[in-house]
Amino acid sequence: MILVTGGAGFIGANFVLDWLRVSDEPVVNLDALTYAGNLQNLASLKGDARHIFVQGDICDRELIDRLLAEHRPRAIVHFAAESHVDRSIHGPGDFIRTNVNGTFTLLEAARGYWSALEADAKAAFRFHHVSTDEVYGSLGPNDPAFTETKTYEPNSPYSASKAASDHLVRAWHHTYGLPVTTSNCSNNYGPYHFPEKLIPLMIANALAGKPLPVYGDGQQIRDWLFVTDHCSAIRAVLASGTPGEVYNVGGWNEKPNIDIVHTLCALLDELKPDPAGSYTRLITYVTDRPGHDRRYAIDARKIERELGWRPAETFETGIRKTVEWYLANQDWVAQVLSGAYREWVEKNYAERN
Ligand code: NAD
Ligand code: TYD
């Protein structure tokens with residue numbers, strides 16, 4: 001079996017659902033259920049003995065030791081993190097705790113467990129660390145896309161904490177020989193995406209007739225990847241990645257934020273027209289994010305060359321599926337837009353002009 005951390009969040013839940021769709025290997029899913037963790041994401045696994053959910057913190061060494069001893073996983077896939085840049089600006093402490101100290105705790109527990117394994121199990125064991133392209137910093141308009149050897153230049157408390165975790169993972173391989181792999185992925189989108197992030201926020205706000213808040217000039221570029229493609233990339237790395245190696249994962253799909261917002265408005269105009277006119281009327285430019293990275297772009301040639309992975313979805317197919325999913329799952333959105341979510345919206349948007 002495998003141990004997944006953060007499997008009740010956006011990407012982790014998609015990963016667990018996909019994993020159990022394509023294999024019968026059980027998953028122990030360790031998640032603290034912070035504001036971003038949601039068991040509704042895993043509701044379709046209710047009663048499925050292959051999924052063992054444990055509510056707990058990756059900073060809790062005793063708990064992790066116990067889970068490893070009890071379940072004897074052949075791999076750990078580490079998603080758990082604080083993941084939202086704007087929240088890291090308002091409160092960086094949680095990011096250091098979970099992303100840095102939590103990863104450290106998990107690595108130490110994994111090292112203890114792995115070093116006591118029999119030779120075959122020891123050689124086969126993997127610790128896969130899920131990271132982000134944001135560790136590489138911000139690109140100019142004509143800079144080449146990030147390769148795995150790009151210098152680390154993190155600019156936000158979020159990306160700095162993820163960079164720190166990447167360095168720990170690397171060091172645990174070089175110093176202790178722990179068989180780790182790391183993937184640095186671009187922006188994901190798709191089902192179960194928490195509506196604090198650009199794409200689900202714009203869909204939820206449009207459907208509620210609320211302003212669509214575009215930071216700054218809206219010309220910041222992200223490279224978007226449909227979430228199930230990220231899941232298949234992680235499965236490929238787990239199956240045939242080389243210990244100690246890093247794999248960049250991206251969608252070959254750079255787009256300025258304002259184009260994303262226009263695409264979402266056009267899809268909503270088609271699929272759920274608003275009698276008041278096009279959703280584009282709700283687009284509102286607001287004060288920029290401090291330290292806002294201008295452009296990310298991933299060079300995903302290494303994972304294609306070495307592991308034969310390429311995204312299956314184009315942006316056109318992926319974004320249509322995403323909008324359709326949100327339209328079909330309005331009760332999921334309503335449940336997520338709870339009191340705590342409203343407090344966040346107030347904190348993040350009230351003081352933006
Ligand atoms: P998310 O915020 O939706 O989910 C994070 C999950 O981790 C939640 O279920 C939360 O409850 C859990 N968690 C947080 N702190 C924890 C702790 N201390 N102990 C146990 N569980 C804890 O995040 P996501 O978007 O699904 O991202 C998952 C991973 O992928 C993160 O490591 C993130 O850095 C990385 N990543 C995300 C993106 C993206 O576009 N979302 C892109 C590249 C990489
Ligand atoms: P986000 O989804 O928060 O991901 P990240 O910051 O990790 O890339 O934001 C994606 C882009 O959208 C980023 O350039 C910030 C911008 N953005 C807005 O313009 N308005 C918003 O309300 C949000 C949440 C993001």
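## Close-up views of a predicted model

**View 1. Strand S9 meets its partner S11.** Strand S9, covering residues 221-226, is joined to S11 by three bridges, and the two run antiparallel. One facing pair to pick out is Ile221, which sits opposite Pro256 of S11. Keep in mind for this view and the others that the model is predicted.

**View 2. Phe15 in the largest nonpolar core.** Nonpolar side chains in soluble globular proteins tend to be buried together. Here the largest nonpolar core has 57 residues, and Phe15 and Val77 are the ones with the most contacts inside it. Helix H1 (residues 10-22) supplies the largest share of this core, eight residues. Which residues is Phe15 in contact with, once neighbours within four places in sequence are left aside? The list runs Ile2, Val4, Val77, Phe79, Cys231, Ile234 and Arg235. Apart from this core lies another one, of 26 residues, including Val54, Ile76, Ala80 and Tyr113.

**View 3. Asn248, a buried residue in a strand.** Asn248 belongs to strand S10 (residues 246-249). Is Asn248 buried or exposed? Its relative accessibility is 0%, so Asn248 counts as buried. As for polar partners, the Asn248 side chain makes a polar contact with the side chain of Tyr136 at 2.8 Å. A polar atom of the Asn248 side chain also lies 3.1 Å from the backbone oxygen of Phe146. Not counting residues up to four places away in sequence, Asn248 touches Tyr136, Phe146, Thr147, Glu148, Asn184, Ile298, Asp299, Ala300 and Ile303.

**View 4. The surroundings of ligand 2.** How many residues are around ligand 2? There are 17, and those that come nearest are Glu134, Pro213, Arg289, His292 and Tyr349. Now for some oxygen atoms of the ligand and the side chains they face. Tyr349 has a side-chain N or O atom 2.5 Å from an oxygen atom of ligand 2. For His292, a polar side-chain atom lies 2.7 Å from an oxygen atom of ligand 2. Asn187 likewise places a polar side-chain atom 2.9 Å from an oxygen atom of ligand 2.

Definitions and conventions:
Residues numbered from 1 in each chain as written. Chains lettered and ligands numbered in written order. Predicted model: local features only at pLDDT ≥ 70, side-chain atom pairs only at ≥ 80, totals over all residues. Heavy atoms only, no water. Pairing = 2+ DSSP bridges. Helix = DSSP H or I, 4+ residues; strand = E, 2+ residues; numbered from the N terminus. Core = buried A, V, L, I, M, F, W, Y, C linked by side-chain atoms within 4.5 Å. Buried < 20%, exposed > 50% of the residue type's maximum accessible area, 1.4 Å probe, protein only. Contact = heavy atoms within 4.5 Å. Polar contact = N/O pair within 3.5 Å; in protein donor to acceptor, adjacent residues only side chain to side chain. Near = heavy atom within 4 Å.
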